[in-house]
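The stops below proceed from aromatic rings to paired strands.

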Amino acid sequence: SDSWSLFGEAGVQAFDRLTLRLAARYTDASRDFDADRTIYHLSPNSTAPGPDPWSFAVPVALTQSAFVETRQSRSDDKLTPAATAEWRPAQGQLYYVSWREGFKAGGFNAASPSGIESYDPEHAWNYEVGVKTLLGSSRVSLNGSLFFIDWDDLQLNVPNPFVPGQFYIANVGNARSSGAEFDVTARPRSD
């Protein structure tokens with residue numbers, strides 16, 4: 001597997017206290033998958049116990065029922081933009097709004113149900129508004145933000161229904177998440 005990315009960001013002072021930032025990331029990911037799978041079938045065995053009192057018959061026979069050779073390649077590339085507006089009305093105050101697109105390349109599963117060896121890229125759009133402030137001679141910081149994330153083709157580890165305890169990555173559909181974050185940090189003394 002090979003992957004590389006290129007990132008760039010530029011900011012411009014739009015007004016006296018307003019900065020606009022634009023960013024972009026180009027990602028290219030290539031993956032090769034070579035896997036040989038042998039499928040076995042358990043069937044009843046009629047072999048009687050051996051003549052040795054310490055030996056016993058195995059109640060089932062294990063026979064090879066299929067051999068599957070898998071050779072696959074995939075290449076995912078994406079340009080993901082971002083934009084942020086930052087307003088600083090006074091010393092120690094920052095208000096911002098941002099939008100970012102995210103991307104996670106697809107790939108292959110080494111162990112998964114037959115026919116689900118690969119999964120597609122995941123895409124996300126993240127929206128955020130927030131504030132960062134310094135108060136009391138910069139001894140107290142008060143920060144807060146609201147966010148919303150919208151995913152398409154979300155990649156998750158899901159249990160293999162045919163093999164207990166085994167998981168594989170699959171695209172499970174769309175998802176959304178929203179919330180708020182707040183934090184306060186105080187330094188009562190200057191030393």
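Select Y26 to begin: at 26% relative accessibility this residue counts as partly exposed, a class lying between buried (under 20% relative accessible area) and exposed (over 50%), with a 1.4 Å probe and protein chains only. The model is a predicted one, in which local features need pLDDT of at least 70, side-chain atom pairs count only at pLDDT 80 or more, and totals for chains, interfaces and linings use all residues. Residues are numbered from 1 along each chain as its sequence is written, and side-chain values use heavy atoms, with hydrogens and water left out.

Aromatic pairs are rings of Phe, Tyr and Trp (its six-membered ring) with centres within 6.5 Å; planes under 30 degrees apart are stacked, over 60 edge-to-face, and the rest tilted. The count comes to four aromatic pairs. W4 and Y26 form a tilted one, 5.5 Å centre to centre with 50° between the planes. This pair links W4 in strand β1 (residues 2–13) to Y26 in strand β2 (residues 18–44), 22 residues apart; strands are DSSP runs of E, at least two residues, numbered from the N terminus.

Move to W87 and Y95, whose ring centres are 5.6 Å apart with planes at 35°, so this pair is tilted too. W87 is partly exposed at 43%, as is Y95 at 32%.

Now select strands β7 (residues 122–135) and β8 (residues 140–152), which pair antiparallel over 13 bridges; pairing requires at least two DSSP bridges. Here A124 stands opposite W151 in β8.

Technical notes
Helices (H or I, at least four residues) and strands (E, at least two) are DSSP runs, numbered from the N terminus.
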